[in-house]
Amino acid sequence: MKTKNYILVLLIAFSCSMCNSSKKEEKNSTEKTSETKEHEHATLSSEDSLKLANHTIEVKGDVEFPLQLTVDSLKKMKVATINNFKILGKNGEVKREVKTCKGVLLRDILEKAKIKQEDHKDRNFYIVERASDNYRATYSWAELFNNPTGDNAYILFEENGKPIKNGEMIAICKNDVRTGPRHVYWLKSIEVYKVK
């Protein structure tokens, strides 16, 4: 009888300790969630946004002809008009809608800068679009030159008939399922690197 009571007490103690450990895990999980929320970007004032704006985009890295692009130089290239573009967040929520915008294909810019390829089989490059706040979006060579994404990645300079507010030029990819992650405000450089 004493053995049965002893086993019963052990089982109850074990159950209680499991409940307490799951409560600790739940508390840790809640703490981690609240920590993640703290790292979300705050909405910037117009004044702070202007501080991050660039008047030129530098195209650099493994290119034969480094470029300094301005809105005026983009307007001299083949300009496309995009209608009804939605910026979707990571969870699919619509962050912003743009009725019409104008820009130039990223691929056209890279063709003008000419990626340093040794021959036609040399395709192991990645492209980084970098913002003033160091936010980055990336593409592979294949995405831009051998995939429909190349027909959908733009550098914009105009939204709804007006100059871009958050930096003079921004990067978008309109065929991404979630367009937000590769929607780069305050674009300052397009960098080409060879995969080593």
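In this predicted model, the largest nonpolar core holds 31 residues. Seven of its members, L74, L106, I109, L110, I127, I155 and I190, touch the most other members. Helix α4 supplies the largest share of this core, 4 residues. A second, separate core comprises 11 residues, among them F85, Y154, I164 and I172.

Helix α4 spans residues 106-113. Its buried residues are L106, R107, I109, L110 and A113. Seen down the axis of α4, these buried residues fall within an arc of 160°, so they line one face of the helix. K114 follows α4 and has a positive phi, near 60°.

Beyond four places in sequence, L110 touches I115, I127, L144, F145, I190 and V192. I127 and I190, two of these partners, are also named with L110 among the core residues that touch the most other members.

V192 belongs to strand β10, which covers residues 187-194. V192 is buried, and its relative accessible area is 0%. With neighbours within four places in sequence left aside, its contacts are K60, G61, D62, V63, L110, I115, F125, Y126 and I127. A113, in helix α4, is 79 residues from V192 in sequence, and the C-alpha to C-alpha separation of A113 and V192 in space is 9.9 Å.

Conventions
Residues are numbered from 1 along each chain as its sequence is written. This is a predicted model: local features need pLDDT of at least 70, side-chain atom pairs count only at pLDDT 80 or more; totals for chains, interfaces and linings use all residues. Side-chain values use heavy atoms; hydrogens and water are left out. Helices (H or I, at least four residues) and strands (E, at least two) are DSSP runs, numbered from the N terminus. Buried means under 20% relative accessible area, exposed over 50%, partly exposed in between (1.4 Å probe, protein chains only). Contact means heavy atoms within 4.5 Å. The arc is that of the directions from the helix axis to the C-beta atoms. A nonpolar core is a set of buried Ala, Val, Leu, Ile, Met, Phe, Trp, Tyr and Cys residues joined through side-chain atoms within 4.5 Å.
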